[in-house]
Amino acid sequence: MLSMLLVGLIAGMSLPLSAQAADEELLQKVDKLYKEIETLKGSVKKVEDKSIGRWLTIGGDYRFRYDYLSGRTKPFTDVNATFNNAQSQMQSNFFSASASGAPVNGYSAAQWAGALSQMMTFSQQMAQVKTYNQANAFLGANQALLGSLQNFAVQVPSYKPENATLYTNRLGLDLHAKATKDVTVNTRLVMYKVFGSQDDQAVTNGNSAPYFADRVGVFDGTLGHVPSNSYLDVDRAYATWSNIADQPLWFSVGRRPSTNGAPSNLRLNNERPGNGGTPSLLVDYAFDGMTLGYAPDIEMLPGAYAKVCYGRGFESGFRSTPTNSVADTDMLGIAVIPVDTDPLRVWLQWNRGFNIFDAPSMSNTYFGNTAPKTNLGDIDWWGAGAMSTLKKVGPGDLNFFTDAALSVTHPNSNVSSQFGFQGLMTGAFFNPEAPTSKTGWAVSAGVRYDLPSKTKLGFEYNHGSKNWITFAPAADDMWTSKVGTRGNVYEGYVIQELNLKPISSYFSKTFFRVGYQFYDFEYTGSNNWVGAPVKISDVKGQMMTTTPLEYAHNVYATFEVHF
Amino acid sequence: MKKILSAVVMAALLVFTSLAVVTTASAEDVKMVGVISKIEMAADGKSATATLKDGKSGESVTIIITDDLTLDKFKDKRIVEGDEIRCKFEKAGGKNSSKIFKKTAGC
């Protein structure tokens with residue numbers, strides 16, 4: 001009994017000792033675990049700090065588009081076809097006369113050889129003509145040859161072009177990188193091609209005279225905006241330095257966000273362009289340039305900002321060389337946006353294009369490889385517009401906009417020899433006109449009603465006057481940039497977004513868009529600054545470089561995914 | 001009499017000055033650029049609090065937002081956590097009330 005008591009006592013005394021040891025061990029373990037957690041937290045922070053998601057955002061869009069295109073042309077004389085016809089006919093007659101030893105069409109082989117030689121001399125001398133006065137002198141000296149050229153005229157009667165099924169693929173990849181504090185780099189890569197083709201022939205009228213100057217071929221400012229091939233091109237790449245001197249001041253340089261500006265975001269179902277972009281009525285062109293912007297903190301003017309923009313439209317290379325007399329083409333603009341909120345966005349814009357070239361550099365067009373050959377003068381643009389979103393107007397939200405613009409040309413005395421001595425909005429082919437300033441105007445208005453079912457119903461109208469010229473060849477229209485139309489364009493569309501949960505980003509969405517455009521042309525030369533417009537009803541077989549279109553329809557449907 | 005008048009005027013000036021200082025101190029406008037670390041919307045959707053990490057001091061500042069323009073941007077995710085914000089807020093009664101709240105400008 002005693003021994004049992006003793007054992008119990010010893011056991012009782014030893015229990016606290018073992019418990020104390022266990023506590024100490026536990027504490028050590030906790031301390032070790034705490035240190036490990038701290039180390040892990042540090043590692044996680046390091047990983048987070050270096051994680052790609054902290055500094056790089058990737059997004060983009062895919063679009064499948066179907067187009068039905070139709071229209072009606074006016075009869076005209078195809079200049080390019082006429083010259084080609086003259087050359088091939090003369091060559092053919094020369095060879096026939098040489099082979100048979102007898103005259104062909106009344107002329108011997110030697111006479112046909114002389115005519116061919118005369119044609120070549122004519123072409124070479126024509127290319128040397130620079131000014132309006134030189135053009136008149138040249139035409140006066142070549143009256144006989146010009147008269148005989150009429151014998152080879154290729155007259156194109158009125159016809160109804162149609163493409164019942166034009167399918168296109170467009171893929172865009174957007175990268176937004178936070179490089180350093182206050183400095184970001186934005187990039188957009190785009191591929192835009194026609195189904196079953198690796199060129200732009202389907203939208204430039206193939207081997208016939210194109211319909212519009214902005215759809216003769218794909219060039220620097222329209223690459224990725226007019227279907228061409230499956231190459232992934234750099235549509236945008238620019239760096240922005242913000243918060244300069246701790247002020248709401250920024251400097252941005254690179255290939256600019258100067259396409260798809262407001263209010264085209266409504267029709268395209270894009271987010272608002274923000275501080276980037278320009279009014280789509282005035283500029284839709286992929287510019288390389290720079291911007292200096294300022295967004296002051298004014299409580300009365302929420303979202304207000306202003307910026308000075310500069311862009312280069314054409315780089316001519318070395319100057320003062322024996323052959324290069326073409327100056328660089330530049331654009332300068334000032335944008336003032338006094339208010340930029342959902343209920344109201346107002347924009348005021350002035351642009352000047354300096355040393356406007358006669359044709360951009362393009363390859364494999366109906367006119368062969370084109371390039372700027374002369375500078376025709378300057379153009380001023382003035383614009384003012386507003387857009388608004390009113391919430392809960394009936395069951396949905398109402399978006400609407402109105403926009404107005406002026407274009408004023410300042411031609412120099414130059415004429416374009418590659419376009420038959422036409423000047424800046426002056427003259428006709430082989431019929432030059434003394435340089436005079438031309439003023440054009442345009443208006444645009446539209447609505448979009450957004451229903452809770454994610455159905456969006458839109459209608460837009462725009463009108464351009466006889467001498468209206470804009471700088472929007474990269475606009476997302478298949479026939480021609482509708483805002484550059486000299487006449488009326490009506491467009492209605494329906495967007496249906498699918499009610500699917502966004503995954504890749506807050507703004508990811510999938511939608512269908514079905515629309516219809518009707519172009520009612522009142523004058524020729526929409527989106528062309530070379531040559532004077534001609535009233536459509538007065539087009540009766542004149543010599544022209546592009547096919548005059550009287551009216552055009554475009555029914556389109558898209559399936560689009562923004563991610 | 002003049003001494004009494006002078007004393008009263010001085011006292012009045014002192015009180016006015018003190019009040020002015022107190023008023024200024026109680027409603028101070030602060031400008032800041034910082035990254036949003038947290039956004040909390042009120043249940044009724046009529047206000048929100050945003051916590052910003054001051055770009056200069058590194059301190060966290062909580063700001064109350066009540067204007068519809070900014071609240072709409074929160075709801076539409078046009079302003080989200082991680083965005084850098086330029087803001088002006090009124091510091092009064094221990095609360096920071098937003099007067100201007102927008103993403104830092106640039107394009």
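This is a short exchange about a predicted model and the reasons behind some of the terms used for it.

Colleague: Why is Thr409(A) called buried?

Modeller: Thr409(A) has a relative accessibility of 0%. Buried means under 20%, so Thr409(A) counts as buried. The residue sits in strand S15 (residues 396–411) of chain A.

Colleague: What makes the approach of Thr409(A) to Lys438(A) a polar contact?

Modeller: A polar atom of the Thr409(A) side chain lies 2.8 Å from the backbone nitrogen of Lys438(A). The cut-off for such a pair is 3.5 Å, and 2.8 Å is within that distance.

Colleague: Which residues is Thr409(A) in contact with, leaving aside its neighbours within four places in sequence?

Modeller: Among them are Asp378(A), Ile379(A), Leu424(A) and Met425(A).

Colleague: Which residues of the largest nonpolar core touch the most other members?

Modeller: Of its 29 residues, these are Ile379(A), Trp381(A), Trp468(A), Phe471(A) and Trp529(A). Another core, of 26 residues, lies apart from it and includes Val104(A), Phe122(A), Met126(A) and Phe421(A). Beyond its neighbours within four places in sequence, Ile379(A) has contacts that include Val408(A), Thr409(A), Leu424(A) and Trp529(A).

Colleague: Turning to the two chains, how many residues does the contact take from each of chain B and chain A?

Modeller: Chain B gives 21 residues and chain A gives 27. The two chains bury about 1,900 Å² between them, with 51% of it on carbon and sulfur atoms. On the side of chain B, Arg86(B), Ala105(B) and Cys107(B) lose the most area to chain A, together 35% of what that side buries.

Colleague: What makes the meeting of Asp342(A) and Arg78(B) a salt bridge?

Modeller: Their side chains meet at 2.8 Å, N to O. The rule asks for an Arg or Lys side-chain nitrogen within 4 Å of a carboxyl oxygen of Asp or Glu, so the pair qualifies as a salt bridge. Across the interface of chain B and chain A the rule finds six salt bridges. By class, the side of chain B that touches chain A has 11 charged, six nonpolar and four polar residues.

Colleague: Is Val80(B) buried or exposed, and how do you know?

Modeller: The relative accessibility of Val80(B) is 13%. That value is under the 20% cut-off, so Val80(B) counts as buried. Val80(B) is placed in the loop between H2 and S4 of chain B.

Colleague: Which residues does Val80(B) touch, not counting those up to four places away in sequence?

Modeller: Val80(B) touches Ile36(B) and Ile39(B), and also Tyr506(A).

Methods:
Residues are numbered from 1 along each chain as its sequence is written. Chains are lettered from A and ligands numbered from 1 in the order in which they are written. This is a predicted model: local features need pLDDT of at least 70, side-chain atom pairs count only at pLDDT 80 or more; totals for chains, interfaces and linings use all residues. Side-chain values use heavy atoms; hydrogens and water are left out. A nonpolar core is a set of buried Ala, Val, Leu, Ile, Met, Phe, Trp, Tyr and Cys residues joined through side-chain atoms within 4.5 Å. Buried means under 20% relative accessible area, exposed over 50%, partly exposed in between (1.4 Å probe, protein chains only). Contact means heavy atoms within 4.5 Å. Buried area is the accessible area (1.4 Å probe) that two parts lose on being put together, summed over both. Ala, Val, Leu, Ile, Met, Phe, Trp, Tyr, Cys and Pro count as nonpolar, Asp, Glu, Lys and Arg as charged, and the others, Gly among them, as polar. Helices (H or I, at least four residues) and strands (E, at least two) are DSSP runs, numbered from the N terminus. A polar contact is a pair of N or O atoms within 3.5 Å; within protein, one must be able to donate a hydrogen and the other to accept it, and residues adjacent in sequence count only if both atoms are side-chain atoms.
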